[in-house]
Amino acid sequence: MRPFSYERAADLPAAFAASQDAPTTALLAGGTTLLDLMKLDVAAPARLVDITGLAASTPALAEIRPASDGGVVIGALARMSAVAEHPLVADQYPVVSQALVKGASAQLRNMATIGGNLLQRTRCVYFRDVSIPECNKRVPGSGCAARLGVHRLSAVLGASPACIATHPSDLAVALVALQAVVHLAGSGGERRIAADAFFLLPGDHPERETALAPGEVITAVELPPLPVGARSHYLKVRDRESYEFALTSAAVAIHVADGLIAAAHIALGGVATKPWRSPEAERALIGNVPSRPLFKDASAAAVAGAAPLPHNAFKVPLARRTLERALATVTGLAEGEMP
Ligand SMILES: Cc1cc2nc3c(=O)[nH]c(=O)nc-3n(C[C@H](O)[C@H](O)[C@H](O)COP(=O)(O)OP(=O)(O)OC[C@H]3O[C@@H](n4cnc5c(N)ncnc54)[C@H](O)[C@@H]3O)c2cc1C
């Protein structure tokens, strides 16, 4: 690891200034992924500015509170474990609690923050290994070693010739499904952006991953209200049952009224270059009676645009079955129950 200086941000403007100075300066929240990247030499900031103390002067940064419209606002410095356990989240948004609990380990979740979680970088092995020169995300214009190399874990949706790296966050999948809103602030003021728009497709510039501008920080995430009686669920499939990133995952929120699906919120994880909302699956579900054949069709629609490579083709049927299963679970039609 290269030498770096450490200081605590005195106030939010100091955090904005530090963000403006990226990548020479990096904001430090829980540090659970930034320090890993520094040890690997993937990130090499000369200066770390710790923002965790800002919650003392600006408590909203770490609070989990009801929004005026019935939703919930989660401060960016709230820890993953605190959010997962909070009654406002666990009771109204099980999909968020479950996504958080399925991520990392208990120790990491006690340190890691919501803002840091959304800004974690891909786990693509070629991105994380600086001895491999070709990675457009790490060194723009250098190529994509994963395309010709081992790409079992790579994306089947949203990839570009420049990059096939998957987005790693479980929480982000739940937020995109729920159509959550990310709150940003900088010296120019505050702005809000839909979670789906916050995460960018790689296109020709995979080094640009989010809509966060230089000089901005994430201050909060807002979960919109769900209709009374709506149910949600997060299903994650991985190579081992704990302490592992998703091969595939599905975040679903469904509202059934008078026997018909009145609202559907669907996103896939582990399979795409960004948390992958599926309007195709949502359209297939809305207005119909919940049933296993319907879920099969909707899940097929969600992966219809997949473009797999030789090693990751298994992800297409796996993602389809993951979504099918998540829908069956959330509507009580899982195996062993009456259709
Ligand atoms: C072994 C291991 C397993 C893991 N498994 C999973 C998993 O299965 N699923 C999953 O989702 N995650 C997993 N993670 C990732 C983990 O969730 C992240 O490390 C964590 O959420 C990052 O939060 P942090 O506060 O520690 O971020 P930091 O490491 O402090 O920061 C991460 C990045 O975000 C920036 N940043 C942080 N906060 C803000 C802010 N408010 N505004 C602007 N920039 C900010 C930092 O500058 C940095 O660039 C795993 C991590 C490890 C080490």
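Biologist: Which strands form a hairpin with 2 residues between them?
Modeller: Strands S6 and S7 form that hairpin, with 2 residues between them. Please keep in mind that this is a predicted model.

Biologist: How many bridges join S6 to S7, and do they run parallel or antiparallel?
Modeller: There are 6 bridges between strand S6 (residues 181–186) and S7, and the two strands run antiparallel.

Biologist: Which residue of S7 does Val182 stand opposite?
Modeller: Val182 stands opposite Ile193 in S7.

Biologist: How many residues of S7 are buried?
Modeller: The count is 0 among the 6 residues of strand S7 (residues 189–194), so this strand is hardly covered, a residue being buried if 20 or more other C-beta atoms lie within 10 Å of its own.

Biologist: Changing topic, what does the domain assignment give?
Modeller: The assignment gives domain 1 (1–50) and domain 2 (60–339). The C-alpha centres of domain 1 and domain 2 lie 25 Å apart.

Biologist: How many residues does the contact take from each domain?
Modeller: Domain 1 contributes 16 residues to the contact, and domain 2 contributes 20 residues.

Biologist: On the domain 1 side, where does the largest share come from?
Modeller: Helix H1 (residues 12–20) provides the largest share of the side that touches domain 2, namely 6 residues. By class, that side of domain 1 has 10 nonpolar, 5 polar and 1 charged residues.

Biologist: And the largest nonpolar core, how many residues has it?
Modeller: The largest nonpolar core has 104 residues. Val95, Ala174, Ala177, Ala251, Val252 and Leu268 have the most contacts inside it. H11 gives the most to this core, with 8 residues.

Biologist: What is Ala251 in contact with, leaving aside its neighbours within four places in sequence?
Modeller: Ala251 is then in contact with Val95, Ala99, Val173, Ala174, Ala177, Tyr234, Ala267 and Gly269.

Biologist: Now the ligand: which residues around it come nearest?
Modeller: Of the 30 residues around the ligand, Gly30, Gly103, Gly115, Gly116 and Asn117 come nearest. The shell divides into 17 nonpolar, 11 polar and 2 charged residues.

Biologist: Which elements each supply at least two residues of that shell?
Modeller: They are strand S2 (25–28), helix H2 (34–39), helix H7 (106–111), helix H8 (114–118), helix H11 (170–178) and strand S8 (216–223). The shell also draws at least three residues from each of domain 1 (1–50) and domain 2 (60–339).

Definitions and conventions:
Residues are numbered from 1 along each chain as its sequence is written. This is a predicted model: local features need pLDDT of at least 70, side-chain atom pairs count only at pLDDT 80 or more; totals for chains, interfaces and linings use all residues. Domain bounds come from an automatic or database domain assignment. Two residues are in contact if their C-beta atoms, placed from the backbone, lie within 7 Å. Helices (H or I, at least four residues) and strands (E, at least two) are DSSP runs, numbered from the N terminus. Ala, Val, Leu, Ile, Met, Phe, Trp, Tyr, Cys and Pro count as nonpolar, Asp, Glu, Lys and Arg as charged, and the others, Gly among them, as polar. A residue is near a molecule or strand if its C-beta atom, placed from the backbone, lies within 6 Å of it. A nonpolar core is a set of buried Ala, Val, Leu, Ile, Met, Phe, Trp, Tyr and Cys residues joined through C-beta atoms within 7 Å. A residue is buried if 20 or more other C-beta atoms lie within 10 Å of its own, exposed if 12 or fewer, and partly exposed in between; C-beta atoms are placed from the backbone. Two strands pair if DSSP finds at least two bridges between them.
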